[in-house]
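Please look over the sequence and the model below before reading on.

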Amino acid sequence: MNNQIFGSKFRQLRKQQHITLAQAAAGITSRQSLGNWETGKGELDFAKVLLLLKKINVQPIDFLESSINSYLKQTTSQISVAYVNNQIDRLLHYANKYLEISHRNLTDRISFLRAAVACNYYMDLTGKDITSTSHKLRIISHFKRILDGEEIWNFEDIYFFGNTQNLMSPRNIYSLAYSLNYYRQKHNINNREWINAVYNTLINAEFILIKSDINLATKLDQLLRQKWDLSDNYAFEKIRQLHILEFEQLLDLKAGFKTAYEQVKEIYFS
């Protein structure tokens, strides 16, 4: 199991509970193996990781989703900062840089993720799409197995969808939002970070569709409101107030909503 993402996270949780390395490893793996995994020097089988999580009383989904969420945010942190601060030239630099890297190595998923997010943010701020048809096909192909029912939504997929919607056709946005919303309804997942990501992504999809296809936006809005069992923290009336987003430290989403609001005004009321 990937040590760079999960090992250090487990170490943090173990220390928070004042559990020693030897206590955690007892009966599962060696103290040295666990120490190597925590410090990024070794791997551990997933079955052993599940046993370790049970020992420190942490639910696997909470551990996996929060770890991946933190990893993804770190992966695109510089790009997000440039977006929030309206640094268009810097966004263009990141987009071109990671597109070039991903061109040289088609198996480098992380570089392509960075490139797509930078292109998405650049288009959001400038209205200029610098991606090619092949880039768009590569983005959509990432979700093919989900749309075909062969895989389920995970944190990386939700993050990737939520941060590349400007590069997708309205029909693709609606299809993916429909799929994600259906998965949300069928699976009672209580992980707060997962819920945050799903709701923010679906609401953002609606904003994007308002700018590009009002009929699909209306259709998605009706779909979401059918079984939109949100608490007060996520109610439409509150989440669309920008100061709530700032309070929740969702600054990327706040910046996006501000931009979307100005774009919607220009489209429909100029």
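What follows covers the nonpolar cores, one serine and the salt bridges.

The model is predicted, so local features need pLDDT of at least 70 and side-chain atom pairs count only at pLDDT 80 or more, while totals for chains, interfaces and linings use all residues. Residues are numbered from 1 along each chain as its sequence is written, and side-chain values use heavy atoms, with hydrogens and water left out.

In soluble globular proteins, nonpolar side chains tend to be buried together. A nonpolar core here is a set of buried Ala, Val, Leu, Ile, Met, Phe, Trp, Tyr and Cys residues joined through side-chain atoms within 4.5 Å. Buried means under 20% relative accessible area, exposed means over 50%, and partly exposed lies in between (1.4 Å probe, protein chains only).

The largest nonpolar core has 50 residues, of which Ile79, Ile139, Phe143, Trp153, Phe161, Trp194 and Leu220 touch the most other members. Helices that each supply at least two residues of this core include α6 (77-84), α7 (88-104), α8 (109-126) and α12 (170-186). The helix that gives the most is α13, with ten residues. Helices (H or I, at least four residues) are DSSP runs numbered from the N terminus. A second, separate core of 17 residues includes Phe6, Leu21, Leu34 and Leu52.

Contact means heavy atoms within 4.5 Å. Neighbours within four places in sequence aside, Ile139 is in contact with Phe112, Ala116, Phe160, Thr164, Leu167 and Met168.

Is Ser102 buried or exposed? With 1% relative accessibility, Ser102 counts as buried. Ser102 is found in helix α7, and, leaving aside neighbours within four places in sequence, Ser102 is in contact with Ser111, Phe112 and Arg138.

The structure holds nine salt bridges, each a side-chain nitrogen of Lys or Arg within 4 Å of a carboxyl oxygen of Asp or Glu. One of them joins Arg14 to Glu38, with the closest N and O atoms 2.8 Å apart. Because Arg14 lies in helix α1 (residues 3-16) and Glu38 in helix α3 (residues 31-38), the pair ties together parts that are 24 residues apart in sequence. Both Arg14 and Glu38 are buried, and Arg11, Arg14 and Glu38 are linked in a network of salt bridges.

Arg109 and Glu156 form another salt bridge, their closest N and O atoms being 2.4 Å apart. Arg109 lies in α8 and Glu156 in α11, so this pair ties together parts 47 residues apart in sequence. Arg109 is partly exposed at 46% relative accessible area, and Glu156 counts as partly exposed at 22%.
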